[in-house]
Amino acid sequence: MLAVRAVRGYRTISFEAASLLAGALPWDLEARTLASLYAWRKEKEASVGRPAPRETEGRRDELRQVQVAEWADRLLNPSAGLATIQAVRPIMPEWLQRRYGTLTFRLTQVLSGHGCFGRYLCRIRREQTSGCHHCVGGDEDTALHTLQVCPAWDEQRRDLVAVVGADLSLPAVVKAMVGSADAWDAYVPRYTGVPWSLIGVPRLNKVMLQFKLGLLINNKYCFDD
Ligand SMILES: [Zn+2]
């Protein structure tokens, strides 16, 4: 539940997906790291004396990497949250080590599929059908439908494609976002209302913000934050 809160997601997001999005090592692996670190420190103190803080930090990082590898193995066979995990797991080291990019309520919706999308809302009985409100044919409304297909997002999609390329699969978009701080909008909200050209906001930042603003404005049936 802590991981779900950390990523501002719906409570229905699986533990595995929420932990990965939050970059939070599962508690049992975290406990293993701490136990190993404790044993290492005791051994050091008994032999050569108390280790320096920097040495302890280095050892903690080493032990954590071992547990992260174990975590990645577990995620090969997740029990739920498959789409999210398949998108993030291939770039897991970059995802965990990035120094920028926070997950907002709406970004987590796109990454998890749990949010203002017909299929999800229908599943939790907040909508009668899973069809997209914007599509005449009533295509099923999902995060991917919004990203890749729905004509209501043509304009935002054009801008997005111009920056990240034609592949708008979730893994490709996640990879683009993690690949550059420009791809994440962590710093954009403070500039809201100021012309982009005056502040030189990176183009991809602008595009991602536009896409999310579109989600906010056009999704008539969105829940409140
Ligand atoms: Zn649609």
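Here are some questions and answers about this predicted model.

Me: How many helices and strands does the chain have?
Reply: Reading from the N terminus, the elements run α-α-α-α-α-α-α-α-α-α-α-α-α. The count is 13 helices and 0 strands.

Me: Which element gives the largest share of the largest nonpolar core?
Reply: That core has 25 residues, and Ala-17, Leu-20, Leu-21, Val-88 and Val-174 touch the most other members. Two or more residues each come from helix H2 (15–22), H5, helix H7 (105–112), helix H8 (118–123) and H11. The largest share is 6 residues, and it comes from H11.

Me: What covers the buried residues of H11?
Reply: In H11 (residues 170–179), the buried ones are Leu-170, Val-173, Val-174, Ala-176, Met-177 and Val-178. Their cover includes H5, helix H6 (92–97), helix H9 (143–149) and helix H10 (154–164).

Me: At what angle do H3 and H4 pack?
Reply: Two packed helices are described by the angle between their axes and the distance between the axes. For helix H3 (residues 27–47) and H4, the crossing is right-handed. Their axes sit 9 Å apart, and the angle is about 145°.

Me: How many residues in the contact of H3 with H4 are charged?
Reply: On the H3 side, the contact includes Arg-32, Trp-40 and Arg-41, while H4 brings residues including Arg-59, Arg-60, Glu-70 and Trp-71. The contact divides into 5 nonpolar and 4 polar residues, which leaves the charged group at 6.

Me: What percentage of the residues in the chain is buried?
Reply: On the contact side, residues 24 or more positions apart make up 58% of the contacts with a separation of 6 or more. For burial, the chain has 225 residues, and the buried part is 26%.

Conventions: Residues numbered from 1 in each chain as written. Predicted model: local features only at pLDDT ≥ 70, side-chain atom pairs only at ≥ 80, totals over all residues. Buried ≥ 20, exposed ≤ 12 C-beta atoms within 10 Å, placed from the backbone. Helix = DSSP H or I, 4+ residues; strand = E, 2+ residues; numbered from the N terminus. Contact = placed C-beta atoms within 7 Å. Core = buried A, V, L, I, M, F, W, Y, C linked by C-beta atoms within 7 Å. Axes fitted to C-alpha atoms, helices over the stretch in contact; angles between N-to-C directions. Left-handed = near helix turned anticlockwise from the far one by under 90°. Nonpolar A, V, L, I, M, F, W, Y, C, P; charged D, E, K, R; others polar.
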